[in-house]
Amino acid sequence: MVDNMVLAMFVDAGQAQLLSDLASAGLNITPTILEPEECPPFSNPPTSEFAKGIYEAQSNRVAGIDDQRIQLRTAFIQSNSWQPVDLLDEELKLAYYLQSRQARDVARARASGFRYKRIHPGEAECAAVAINRGWELWTDDGGIVGLVRALYPDCQVVRTCALLVRAVQRGLIPCADAAHLYNTVFRVQLGLRTSVSLRCDGEQATCR
């Protein structure tokens, strides 16, 4: 399961194909992240998180930067690189629970270092599906990462840097290119908030 943060980083960097190549079974995306029926250009605000980025770029267009975002995101939506995931009833209930005060109280009781951060609906949906179906959760949202690790430690959470390390290991991208993508494009140009950097020892990539 890929959340909006990871999806937007790769697509806005022009690396949608790399993300798709990492997902051997296809990119699974929930409706709150990307609703299949919402197709740009938008005359009214869309509901899904990924599409909102296109609408914002349309409304506050900065020549070059936002034009590129619109083009890249539109091309991804229209591609066959992803597939929508309809949530089961138990997943909808779990997504609601993950956003509740009860969930964060349980997390605090189980993990002494847990610090609550607001959980957005899209991240909650992705986590609920990943937990219920035994899938990996691809996210760099600190709130959902901390909550899932506290409540569902068996759910494998993979952050952006680790995804790029995996890409290097599979021969999908040279380590130097992965380091530039993460350290310069994602962190500096696209504003990924993290203290982690991707480093190379020859073609061996590590996150530190």
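**Salt bridges and burial**

Mentor: Let's start with a pair: Arg 166 and Glu 136 form a salt bridge through their side chains, 2.9 Å from N to O. Arg 166 sits in helix H9 and Glu 136 in the loop between helix H7 and strand E3, 30 residues apart. Keep in mind that this is a predicted model, where local features need pLDDT of at least 70, side-chain atom pairs count only at pLDDT 80 or more, and totals for chains, interfaces and linings use all residues. Residues are numbered from 1 along each chain as its sequence is written, and side-chain values use heavy atoms, leaving out hydrogens and water.

Trainee: Why is Arg 166 called buried?

Mentor: Buried means under 20% relative accessible area, exposed over 50%, and partly exposed in between (1.4 Å probe, protein chains only). Arg 166 has 16%, so buried it is.

Trainee: And why is Glu 136 called partly exposed?

Mentor: Because its relative accessibility is 23%.

Trainee: How do you know that Arg 73 and Asp 12 make a polar contact?

Mentor: The rule asks for N or O atoms within 3.5 Å; within protein, one must be able to donate a hydrogen and the other to accept it, and residues adjacent in sequence count only if both atoms are side-chain atoms. Their side chains are joined at 2.8 Å.

Note on methods:
A salt bridge is a side-chain nitrogen of Lys or Arg within 4 Å of a carboxyl oxygen of Asp or Glu. Helices (H or I, at least four residues) and strands (E, at least two) are DSSP runs, numbered from the N terminus.
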